[in-house]
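Trainee: I have the sequence and coordinates open. Can we go through them by question and answer?
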Amino acid sequence: MKISLQHIIALALSALTVARPLVAQSTAAQRTTCAYAPSAPWVQRQALFFDDSKHTWSDDTLRTALLSAAGITGDLRAPVNYGVQFVGVEAKLGAGADAMIARLKALGAQRGSVWPTRSVVGAAGVHAVYLLSQRDTALGRSALHRMMEAGPDESPAIDVAVFEDHMRLIWGRKQLYGTQFNRTSDGKTTLAAMEDSAHADLRRETAGLPPFKIGTCLAKTWK
């Protein structure tokens, strides 16, 4: 059977259409136009970590308080963290945030205290700790240490990476992963000071961050 040139071209175009990555979306209020595949390793890694369907945490009361304080009202769905933050722009928190920050500071200062890890408050609870801890520099130092100490099974690697970049800038150092951006009054987006940018994608892959090219695109189109 003879196959026409037009048929071959049509088949090729059809294959390209199927293989085209979907458009990335954050929340309803923060949609982007940067393409990524939902099957990308960084998305799948987040989906696996932030799946709380098995209810394996031990402290429901603390988890509920953390979620309320951080303003988390529903299940977390990947991507939970896109690895994009703007210097000086604070996330909107929920009721009781100040009281919970004070409680976390007290926990962080106590040796031997039970820190809210994934086993204690679930993945969403740990993400709440990440959001709350960035509001207070003193808490940020101890929380980052506790999250690093707990390891990637208990604290999401992507949250730890973004948090470390955030704290490094506060300490007057350069970021490592390229997650922190500045935005001028006229809307121009620039990457904050970064160390060893040549190996950024290697570090980002280890942390479960999207490739640097996608991260930069997200930052430039973030609303």
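Trainee: Are Y82 and W222 buried or exposed?
Mentor: This is a predicted model, where local features need pLDDT of at least 70 and side-chain atom pairs count only at pLDDT 80 or more, while totals for chains, interfaces and linings use all residues. Residues are numbered from 1 along each chain as its sequence is written, and side-chain values use heavy atoms, leaving out hydrogens and water. Buried means under 20% relative accessible area, exposed over 50%, partly exposed in between (1.4 Å probe, protein chains only). Y82 and W222 are both buried.

Trainee: Which kind of pair do the rings of Y82 and W222 make?
Mentor: Six aromatic pairs turn up in a search of the whole structure. Rings of Phe, Tyr and Trp (its six-membered ring) pair if their centres lie within 6.5 Å; planes under 30 degrees apart are stacked, over 60 edge-to-face, and the rest tilted. For Y82 and W222 the centres are 5.5 Å apart and the planes stand at 70°, so the pair is edge-to-face.

Trainee: How many residues apart in sequence are the parts tied together by Y82 and W222?
Mentor: Helices (H or I, at least four residues) and strands (E, at least two) are DSSP runs, numbered from the N terminus. Y82 lies in the loop between α3 (60-70) and β3 (85-86). W222 lies in the segment after α9 (212-221), so the pair ties together parts whose separation in residues is 140.

Trainee: Which residues do ring pairs link into a cluster?
Mentor: Y82 and W222 belong to it.

Trainee: Which ring does the charged end of R118 sit over?
Mentor: The test is NZ of Lys or CZ of Arg within 6 Å of the ring centre and within 35 degrees of the ring normal. R63 lies over the face of W57, at 3.7 Å from the ring centre. R118 has its charged end 4.4 Å from the centre of the ring of F49.

Trainee: What is the handedness of the disulfide of C34 and C217?
Mentor: The search of the whole structure finds one disulfide, a pair of cysteine sulfur atoms within 2.5 Å. Here C34 is joined to C217, S to S 2.0 Å. The torsion about the S-S bond is about -95°, so the disulfide is left-handed.

Trainee: How many residues separate C34 and C217?
Mentor: The pair links distant parts of the chain. C34, at 2% relative accessibility, counts as buried, and C217 is partly exposed at 28%. C34 is in strand β2 (residues 30-35) and C217 in helix α9, with a separation in residues of 183.

Trainee: Which strands are the edges of the open sheet?
Mentor: Three strands form it, in the order β3-β4-β5, with mixed pairing. Two strands pair if DSSP finds at least two bridges between them. Each edge strand pairs on one side only: β3 and β5 (189-191).

Trainee: Which residue in β5 is the bridge partner of N182?
Mentor: Strand β4 (residues 180-183) pairs with β5 in the antiparallel sense over three bridges. In that pairing F181 stands opposite L191. The partner of N182 is T190.

Trainee: What angle does the direction of α9 make with that of β4?
Mentor: Axes are lines fitted to C-alpha atoms, for helices over the stretch in contact, and angles run from 0 to 180 degrees between N-to-C directions. Contact means heavy atoms within 4.5 Å. α7 packs on the sheet, touching β3 and β4, at about 55° to β4. α9 packs on the sheet too, touching β3, β4 and β5, and its angle to β4 is about 30°.

Trainee: How far apart in space are P156 and R45, C-alpha to C-alpha?
Mentor: P156 is in the loop between α6 (137-150) and α7. At 2% relative accessibility, P156 is buried. P156 and R45 are 111 residues apart in sequence, yet their C-alpha to C-alpha distance is 9.3 Å.
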